[in-house]
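Please read the following note beside the sequence and the structure shown below.

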Amino acid sequence: MPAVASRGTPFVGRDEEVARLHAAADRADTGRAQVVLVRGDAGIGKSRLVTESLARLGAGARQLRGFCVDGGDQAMPLLPLVTVLRQVPKLAGRDRARDLLRGLPPLARSLGLGEDGEGGSAPPPPLVAPAGAGEPLYGTVLDLVIELSADNLLVLVVEDVHWADPATLALLSFLARAAEDERLLLVATYRDRELHRRHPLRRTVAELIRLPGVAEIDLAPLGRGPIGALAAAWVGGPLGEAALDALLARGEGNPFFTEQLLAARLAGHDELPAAVGDLLAGRVEELPEVVQAVLRALAATGPGTPPELLAAATGLAAGDVE
């Protein structure tokens, strides 16, 4: 069955994480730049946490939000910067944005902020720093941060940095180091399960967490109480203990999985929703073949299968199964 959109279910079980984000925002608002790395599994609620937390900040806070996309080996360079910069004229005004970007014409042109102030009908050129232009690019972005945070808290969010290209990771590292005294809260979200041993984000995170003003928020699965509240909002009342136990076992406390399972229940379906199946299959496909072989056997035999039976079913040595 297809994925089902959220019904605007209540935001539950994240009071501590919201408090930590707000505490970081308060520190940043005093001129001590802060970086918060929000990590967790797909569907665990990283974007929801950030959205709900920012919605509760004071009206004076300025917010810019960029994102990365899964481009494989062809990830678009600096895509989050492109999406962020397109929001700058609304915050700083077109004239001031043009002045700030004057030193890097490709940036200005990508925003329709050429010398004449008019964007042409042609699509904007790709936003890529020329060879050797890293320092001017970084300096210009830092100038923007300084300008936009001069009299208000600036919150810069970059989502899904597990898909970030090397230039984006380098820019984030630069801002985390260079914007020490600015009223800046830099928030980056990523899926920690997607970081293989040589993933470039691993090194970036390892470097950042040693810096002052950098914190991590690890989003764990929701517990029984929050899942029960979420389910009650979907079905119009509390679930029975057995039904809630089953939902916890299948959804594993993942809000997205849980919502999809509840939608399937309301629609009278018992099969795994396609959106959940696709995410789980994606995880499995990234695992070594020997692990996939054991998982295929477990899918047929069920949890608790003795290792000896798995070895016989897969043809693997007992040590490999273990």
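The numbered points below go from the whole chain to single residues.

1. Basis of the note. This is a predicted model, in which local features need pLDDT of at least 70 and side-chain atom pairs count only at pLDDT 80 or more, while totals for chains, interfaces and linings use all residues. Residues are numbered from 1 along each chain as its sequence is written, and side-chain values use heavy atoms, with hydrogens and water left out.

2. Overall content. The protein has 16 helices and five strands; helices (H or I, at least four residues) and strands (E, at least two) are DSSP runs, numbered from the N terminus. Of its 322 residues, 43% count as buried. Here buried means under 20% relative accessible area, exposed means over 50%, and partly exposed lies in between, with a 1.4 Å probe and protein chains only. Among the contacts with a separation of 6 or more, 71% come from residues 24 or more positions apart; a contact means heavy atoms within 4.5 Å.

3. The sheet. Five strands form an open sheet with parallel pairing, in the order β2-β3-β4-β1-β5. Two strands pair if DSSP finds at least two bridges between them. At the edges are β2 (62–67) and β5 (214–218), each of which pairs on one side only. On average, neighbouring strands of this sheet are turned by 15 degrees against each other, direction ignored. Axes are lines fitted to C-alpha atoms, for helices over the stretch in contact, and angles run from 0 to 180 degrees between N-to-C directions.

4. Strand β3 and its partners. Strand β3 (residues 154–159) runs parallel to β2 and is joined to β2 by six bridges. Across this pairing, Arg65 stands opposite Val157, and Gly66 stands opposite Val158. Five bridges join β3 to β4, again in parallel, and Leu156 has Leu186 as its bridge partner in β4. Strand β3 is mostly covered, with six of its six residues buried. Leu154, Leu156 and Val158 point one way, whereas Val155, Val157 and Glu159 point the other way.

5. A pair of helices. Two packed helices are described by the angle between their axes and the distance between the axes. How do α8 and α9 cross? The axes of α8 (residues 166–178) and α9 (residues 200–208) come within 11 Å and cross at roughly 5 degrees. The two helices are therefore roughly parallel, a label for angles under 35 degrees; those over 145 count as roughly antiparallel, 65 to 115 as roughly perpendicular and the rest as oblique. From α8, the contact uses Leu169, Ser173, Ala176 and Arg177, and from α9 it uses Pro200, Leu201, Thr204, Glu207 and Leu208. By class, this contact has five nonpolar, two polar and two charged residues. Ala, Val, Leu, Ile, Met, Phe, Trp, Tyr, Cys and Pro count as nonpolar, Asp, Glu, Lys and Arg as charged, and the others, Gly among them, as polar.

6. Helix α12 (residues 255–266) has 12 residues and reaches 16 Å from its first C-alpha to its last, close to the 16 Å expected at 1.5 Å a residue; the expected span is 1.5 Å times one less than the number of residues. Nine of the 12 residues of α12 are buried, including Pro255, Phe257 and Thr258. Gly43, in the loop between β1 and α2 (46–55), touches Asn254, Pro255 and Phe256, not counting residues up to four places away in sequence. Gly43 and Thr258 are 215 residues apart in sequence and 9.4 Å apart in space, C-alpha to C-alpha.

7. Two positive phi angles. Most residues other than glycine have a negative phi. Leu78, in the loop between β2 and α3 (79–85), has a positive phi of about 60 degrees although it is not a glycine. Is Leu78 buried or exposed? Leu78 counts as buried because its relative accessibility is 3%. Glu252, in the loop between α11 and α12, has a positive phi of about 55 degrees and is likewise not a glycine. Glu252 is exposed, since its relative accessible area is 51%.
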